[in-house]
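Morning, everyone. Please have a look at the structure on the screen, and then we will walk through it together.

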Amino acid sequence: MRQRPLISVIVPVYNVEAYLSQCVDSILSQTYENLEVILINDGSKDNGGKICDGYAKKDSRVKVIHQINKGLSGARNSGLKIAAGEYLAFVDSDDWIEPTMFSTMVELMQQNNLEIIECDIAKSNVEKQTVRNVKLAVETYSEALKRIIKNNQYSVWRRVYKASLVKDYRFLEGKNSEDVYFTIDNLKKVDKIGVYPVPFYNYRYNPTSITKSPYSLKKFDSLDAGYYLLDKVVKENDDPEIVSIAYDHMLKKLLKHYKLLNYNPEVDPDYTHRKELNAKIKELYPHAKESIPYLKMAVKFPIKIFEVFIRFNKLKHNITNSKVG
């Protein structure tokens, strides 16, 4: 019997010793056995590195890289440099995957001549729903791009890739929202993408992660990914619907940060960043197609009046929530 193609699974590891074993065990116990599991210990300060070495001693499919901390993108790039598989997948080290994820997805890729396929996700803080009568959907590039932008589905770990498509690509280091750049740049290389809506990937809700931690200016550079996406879409697409979706997406991102700065004014005491955001919102507002809550107020109201309004609404929301139950 012909051996199945090798899948390289890249797993960045940083200070997640409490969850690491569940993650790695879920990969090694896949029904698809021909795997290369690349664990990148990205300068962990806990026992993560030792745990990685323990797996390498027990299972020859595991390779370990130890490096100084380079961040998520830097760790993934180290994995990409040595990945030898015909297929590529990414798993974050505090998440875990279902046993048949790779066997199902690679089989569908081969049957339908796909270079990218994606699955659904289950969030650890949300009750998992039973999925029945699932069928593969094959989307065109344009259909996939519209859906991904509308639903913010950029995460690379929800997809399996043909390695020849992405092997030479490198994640942008030193930036948040690195998956946006990766997805937008690589999606355009294919004319179709498979979507199999089964929640094979389990995403662990972590309130201490960079995306869930209290608001700070560190999160501000996620706007760069939005600007990058908008610029790419406007320059490379002649479909007015895609362009419109991209403008609405950017306006939502700008408005989100504008609101968060008003919820947390100590982060922007001299209004520098709010003035910048307000100006950008007004610049892009003529392109808005979707009805976006608060957008018109952000355009019409002076910054300080919008601040009072938004903080009053937050207080009202908190009081309402405190009365629940």
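Let's start with a question: which residues in H5 are buried? They are Tyr141, Ala144, Leu145, Lys146, Arg147, Ile148 and Ile149. Buried means under 20% relative accessible area, exposed means over 50%, and partly exposed is in between, with a 1.4 Å probe and protein chains only. Helices are DSSP runs of H or I with at least four residues, strands are runs of E with at least two, and both are numbered from the N terminus.

Some ground rules. This is a predicted model, where local features need pLDDT of at least 70, side-chain atom pairs count only at pLDDT 80 or more, and totals for chains, interfaces and linings use all residues. Residues are numbered from 1 along each chain as its sequence is written, and side-chain values use heavy atoms, leaving out hydrogens and water.

How confident is the predictor? pLDDT is its confidence in each residue, from 0 to 100. The protein averages 91, and 92% of the residues score at least 70. Now look at residues 316–325. There, pLDDT stays under 50, and the model has zero contacts beyond four places in sequence. Contact means heavy atoms within 4.5 Å. Where pLDDT is low, the predicted coordinates should not be read in detail.

Next, the strands. Two strands pair if DSSP finds at least two bridges between them. S2, residues 35–42, and S3, residues 62–67, pair in the parallel sense over six bridges. Asp42 stands opposite Gln67 in S3. From S2 the chain runs through helix H2, residues 48–58, to S3, and this β-α-β crossover is right-handed. That means that, with the strands pointing away from the viewer, the path from the first strand over the helix to the second runs clockwise.

On to the rings. Rings of Phe, Tyr and Trp (its six-membered ring) pair if their centres lie within 6.5 Å; planes under 30 degrees apart are stacked, over 60 edge-to-face, and the rest tilted. The whole structure holds 13 aromatic pairs. Why does the pair Trp157 and Tyr201 count as stacked? Because the ring centres are 4.4 Å apart and the planes lie at 10°. Trp157 is in the loop between helix H5 and strand S8, and Tyr201 is in strand S9, so the pair ties together parts 44 residues apart in sequence. Both Trp157 and Tyr201 are buried.

Tyr258 and Phe306 are stacked too, because their centres are 4.8 Å apart and their planes at 15°. Tyr258 sits in helix H9 and Phe306 in helix H12, 48 residues apart. Tyr258 and Phe306 are both buried. Ring pairs also link Phe90, Tyr161, Tyr169, Phe171 and Phe182 into a cluster.

Now charges over rings. The test is NZ of Lys or CZ of Arg within 6 Å of the ring centre and within 35 degrees of the ring normal. Lys58 lies over the face of Tyr55, 4.7 Å from the ring centre. Arg274 has its charged end over the ring of Tyr271, 4.1 Å from the centre.

Last, two loop residues. Asn15 has a positive phi near 50°. Asn15 is in the loop between strand S1 and helix H1. Is Asn15 buried or partly exposed? At 33% relative accessibility, Asn15 is partly exposed. Asn113 also has a positive phi, about 55°. Asn113 lies in the loop between helix H4 and strand S6, and at 62% relative accessibility it counts as exposed.

Conventions
pLDDT is the predictor's confidence in each residue, from 0 to 100.
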